[in-house]
Amino acid sequence: KNSVKAMEKELVPCSLQGKEKATLKRSQIFQILGCKDLETKVIVVLGKAGMGKSILVQKICQDWSNGEFSQFEFVFLFDCKQISLPEKRYSLKYLLLEFFVKPQEGSKEIFEYILQNPAKVLLVFDGFEGLHDHENFPRCSASQPEKDLCSIKELLSGLIQKKILNGCTLLLTARPKDKVYQYVSKVDKTIEIVGFSPQQRELYITKYFEGLPYCDNALKLIKECEYLFSHCYSPVMCRFVCFLCETVLEIGDKSLPSTLTAVFLKFVQQKIIPMQTDVTAMQNQESLATLARIAWYLGEKHQSAMKSDLLPSKEVKEFALKYGFFLPFAFPRHSDSGEEEFGSTFSDFVIQNFLGALHLMLAEEIKDKSLTKYLSFPSKKKKTCNWLDLVPRFLAGLLFLQDDPYFCSLSNKDVKQSTKKQKTLLKYIRRLQINELCPERLLELLHCIYETQSNYLLQHVALRLKPDLSFLGAVLTPPDIHVLHSILKRSRKEFSLDLRNSSIDMQGLEDLVGLKNVASFRASLSDTVRLWKSLEQTKDYKLLRASTEKFVLDPFKAKTMKDVSDLSDLVEMQEKMINCVQDASGCSSYEIPAIKNLRKLEFALGPVCGLQGFLKLVEILAAFPSLQHLDLDALSENGIGDEGAKSLSEVFPTLTSLETLNLSQNKITDVGAEKLATALPCLSSLKTLSLYNNSICDFGAENLAKVLPAMASLRVLDVQYNKITGVGAQQLTDSLRKCPHIKNLVMWNPTIPYGVLEHLQQLDSRVTV
């Protein structure tokens, strides 16, 4: 369990620049460093629903068929929602050579070859979340899993545990929140699909409308509707928006719906209305209501597919297939019966979510008072279902579209009942403790409120947001940024935003930082510097200066070499800023407030990069005039050693504000202690110096003792857990007599005899252990 938690902690959002640097080509997906050839390799592709995971694995198969990925002689692709659907049992042979593809001849020989050459086999399981629900993933208990029949979960478990076909390559796709690491003990590589950049969105839209007379108009129309354009970062959403835009332009309309709910309501209406008559209208309403109930029922069970013969009627099945809500698929023929079975799956996760929300609106058994449990905003409550995570947004939107003619055409619902449900939502949100919501739940609430387009609710939430809004570690997608921006803009409060590790894109950062009522913000250093460089290039000096005034850096913790490099870039940016400000205002000097006001700097790079990173950090320390606390004590031990101590001592004269210097656990010996001691009197404001758990002996203690009287501001010195003996301890204690300003000398060392230390404590009560 601990290893699972550790794995999940590693999957933290990173800066936009970090993601761009880690971008992979398809040809690099199967390159795994330090992996034994004889062991099964597990690669996980994560991505939100609709990001293109299925398209990616299909493209991999296509590339392989065209001669790429030649290390594999066999590639098998399985859609998990289909293979997990029937209550069937599989052997590995049946799964590969009956279910997937049935060779004309030589099945036995082919299977034996596969078993003997597992390294030449790639197994792709698309939609891994479709294989697990609320149950634990079972262990494979079959004695001969290659030949024995077992459930698909047990079979996959055997592959992951390397009991079956050890040495093959497994490629699993899953949604980020589906906790795939609870079921897969060891993952060799994790890849995330993050969706389209703004440029890629434009390219997709242009390609979609290529050759049509209204190609340019389409892109312009979609970009004008900023909320919908932000949703186009998701390939699936982009396709829906393009389809709707195409319909709108064909009938001569000049605007797109303003919310997702309105988009999908119109999408469904455009599918059904043009083809229905008065006779079929009622039947379509009934079929849609039935389909909506199925969408909700399957979603609650983490499913999107079912056997076709389980559909309640032929009319519903024909309706679902005719209008593209369902896609059909076939199961292989059973060898015993010879009958072919068919299944149906929702054509899209968004369609299933929209229909699920429609069910909550239409179902008579769901009373207005019980409706709020499906919104699940309070942070202590779990979401009803990750498979239905768009349902609350659609539900809130539908509650405020109940008088819409499109909605009325899809439903014969009693308007009074819908009005009651709307009032329930209003009352629920008025009572909600918005300030207590975690970032994810707050964003969910903002999306739901945005979908209502209710001025009252939008204003209500805007007025109740707390001034300090932290989205630290919460992934902010382009739609998240749009709704956050639109609601912050409505408030009269001043806000402080923490956007670190949120994967916010450049345009989103610029939009939020540019708001007049955002008084301060924290964000990834690299993304912030990149924004400033962009503003400098576009000569937007007004926003450049405003954003530098708002940026907050204190306190800063450097945990990687990149953090140190980013800090160096920030200092370098200040030089450019002087020129920019000089050009804009004639002022010849300018200090970025974040640099000027940095008071606490922690350094925790660990032993591998500790010295290298620290030497780079020392070069820029002088740029921080207000630095009061420099902490080099890390659990992983930085180990800057004597070289680092020497380098630091050389910049002491510039650190005039430093009050606390923590050099604990850094492998400093007498050599480093001597260098430090020589320069320590330059630290005119130093109050606390910690050299705890180093390798300082009596010579180092003697050098420290000599300079203590010259350190007029020092109050606490900690030299515990070094190699000082009674001799060095005596010298330090003697020096204390000349230092009335020092309040505490912490000096327990295993090399000092207890009697000596006790005697020194009696001589001077400031000596402590």
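Pro555 sits in the loop between α24 (541-550) and β12 (556-558); helices (H or I, at least four residues) and strands (E, at least two) are DSSP runs, numbered from the N terminus. The bond that joins Asp554 and Pro555 is a cis peptide bond, with omega about -10°. This is a predicted model, in which local features need pLDDT of at least 70, side-chain atom pairs count only at pLDDT 80 or more, and totals for chains, interfaces and linings use all residues. Residues are numbered from 1 along each chain as its sequence is written, and side-chain values use heavy atoms, leaving out hydrogens and water.

**Loops with a positive phi**

- Lys539 is not a glycine, yet its phi is positive, at about 60°.
- You will find Lys539 in the loop between α23 (525-537) and α24.
- Lys539 counts as exposed, at 59% relative accessibility (buried means under 20% relative accessible area, exposed over 50%, partly exposed in between, with a 1.4 Å probe and protein chains only).
- Tyr721, also a residue other than glycine, has a positive phi near 50°.
- The loop between β17 (716-718) and α31 (726-736) holds Tyr721, which is partly exposed with a relative accessible area of 40%.

**A pair of helices**

- The axes of α19 (residues 439-452) and α20 (residues 455-464) come within 8 Å and cross at roughly 155°; axes are lines fitted to C-alpha atoms, for helices over the stretch in contact, and angles run from 0 to 180 degrees between N-to-C directions.
- That crossing makes α19 roughly antiparallel to α20 (angles under 35 degrees count as roughly parallel, over 145 as roughly antiparallel, 65 to 115 as roughly perpendicular and the rest as oblique).
- On the α19 side, the contact is made by Leu446, Ile449, Tyr450 and Thr452, and on the α20 side by Leu457, Leu458 and Val461; contact means heavy atoms within 4.5 Å.

**The chain as a whole**

- The chain's secondary structure comes to 32 helices and 19 strands.
- Of the 769 residues in the chain, 54% are buried.
- Among contacts with a separation of 6 or more, 76% are between residues 24 or more positions apart.
- The chain exposes about 35400 Å², and carbon and sulfur atoms supply 50% of it; accessible areas come from the Shrake-Rupley method with a 1.4 Å probe, and for residues only the protein chains shown count as cover.
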